[in-house]
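Subject: Handover of a structure and notes on its contents

Dear colleague,

Please find below the structure that I am passing on to you. My notes on what was found in it follow directly after.

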Amino acid sequence: MADTTSPGQNPFEAWTKLFENTLKGYAATHTTDGQAQESGKDPWITIIDQLWQINPYSKLLPLDPAETARAFQQMWIDAMHNPARAWANYSDFVQQYTQVMASTTLKLWGQDASTVVEPEKGDKRFSSPDWQQNAIFDVIKQSYLLAATALLKSASEIEKLDEKQQRKLTFYLRQFLDAISPSNLAFTNPQVIHETVQTGGQNLVKGMEHLLRDIKAGQIKMTDTDAFAPGRNLALTPGQVIYRNTLIELIQYAPTTEKVYAIPLLFIPPWINKYYVLDMQPHNSLIKFLVDNGFTVFVISWKNPDASMEEATERTRSNQGDYRLTKGQPCWLLHRRDAALYGAALSRGQRG
């Protein structure tokens, strides 16, 4: 068989280039200087993405297997280009994992042993005492944390990535690592196991019922979405829509007092909030409190975004939202962050 290695190129470099082109799925054509030109999309990533999209869970889980596969692909290719660094990282991982297993052995024998790797501060996934006190769950936890730390370290060392590409790779890698955490798996989570024993498995039955419900709804529901509804037990303060365009509705709430402040209040909630965040229920409604104390209140209600708003920008909001409503009109303009301004409105306003 003829040797296809170019002069001056060692066999390992040739194998690395071949593996890289094969893994990335590109059709490579060689130029006169022996360099490969890549073209087309990666068929393996495309297949992974297509398989995930037909999965009924794809609409429920905040995962992107195609981008996750791409992240591991980049890490593997980088390891092929930097074998010394990859071997050093692997050696560090093996050394620490050996320490984890030695520590676990001592704990199983009833002896005290130090913990090799701890969760990051604020990580509540492993807050249950069993993750520390039970040697089996402790080794599961430490093995996961050690592997996750090693992968994230390797990802942070990949060369030839700009800041945006590095953040993207780390994001999808961390997303994958969070998803496979032992705290997310029923048979490696001590709290789930205890609950299963105590309920005779009814917690798993209820969990499956919730899963089927969420699949049918096309979204994960963390609460009962039918428990509250505007006009029934939310947004009960009387008001009326006095202005409407393609972006907003403007709601006016009239004061309930004989004397009213001369300058009204205009609340501009963030785009992600509903207007009734200020009018939850009578006992904790800011709007009711204001109208009962002599203020005329206006609140912007943002339209739920749909395909017709795909071209909307911040300028759209300025042209059709709060700017046009307040231009030339005296009012106290309050965003949710303007607590100090709200206090000033209450203390300085004059009733007419």
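Why does Leu 290 count as buried? The model is a predicted one, and in it Leu 290 has a relative accessibility of 0%, so the residue counts as buried. Leu 290 lies in helix H10, which covers residues 286–291. Between Leu 290 and Tyr 253 there are 9.3 Å in space, C-alpha to C-alpha, although the two are 37 residues apart in sequence.

Helix H7

Helix H7 comprises 17 residues, 163–179. At the start of H7, the backbone nitrogen of Lys 164 has a side-chain oxygen of Asp 162 within 3.2 Å.

The buried residues of H7 are Gln 166, Leu 169, Tyr 172, Leu 173, Gln 175 and Leu 177. They pack against helix H3 (65–81) and helix H6 (135–156). Gln 175, a residue of helix H7, has a relative accessibility of 17%; because the cut-off for buried is under 20%, Gln 175 counts as buried. Leaving aside neighbours within four places in sequence, Gln 175 is in contact with Pro 62, Leu 63 and Asp 64.

The nonpolar cores

The largest nonpolar core has 18 residues, and Leu 173 and Leu 177 are those with the most contacts inside it. H3, H6 and H7 each supply at least two residues of this core, and the largest share, eight residues, comes from H6. Not counting residues up to four places away in sequence, Leu 177 touches Tyr 144, Ala 148, Leu 151 and Leu 152. There is also a second, separate core of 16 residues, which includes Leu 234, Leu 265, Tyr 276 and Leu 290. Leu 290, with which these notes began, is the residue at 0% relative accessibility.

The strands

Strand S3 (residues 240–244) pairs with strand S4 (residues 248–253) in the antiparallel sense, over four bridges. The two form a hairpin, with three residues between them. Tyr 243 has Leu 250 in S4 as its bridge partner. S4 is also joined to strand S6 (residues 297–302) by six bridges, and S4 and S6 run antiparallel. Ile 251 stands opposite Val 299 in S6. In a regular strand, side chains alternate between the two faces of the sheet.

Yours sincerely,
A colleague

Terms used: Residues numbered from 1 in each chain as written. Predicted model: local features only at pLDDT ≥ 70, side-chain atom pairs only at ≥ 80, totals over all residues. Heavy atoms only, no water. Buried < 20%, exposed > 50% of the residue type's maximum accessible area, 1.4 Å probe, protein only. Expected span 1.5 Å × (residues − 1). Contact = heavy atoms within 4.5 Å. Polar contact = N/O pair within 3.5 Å; in protein donor to acceptor, adjacent residues only side chain to side chain. Pairing = 2+ DSSP bridges. Core = buried A, V, L, I, M, F, W, Y, C linked by side-chain atoms within 4.5 Å.
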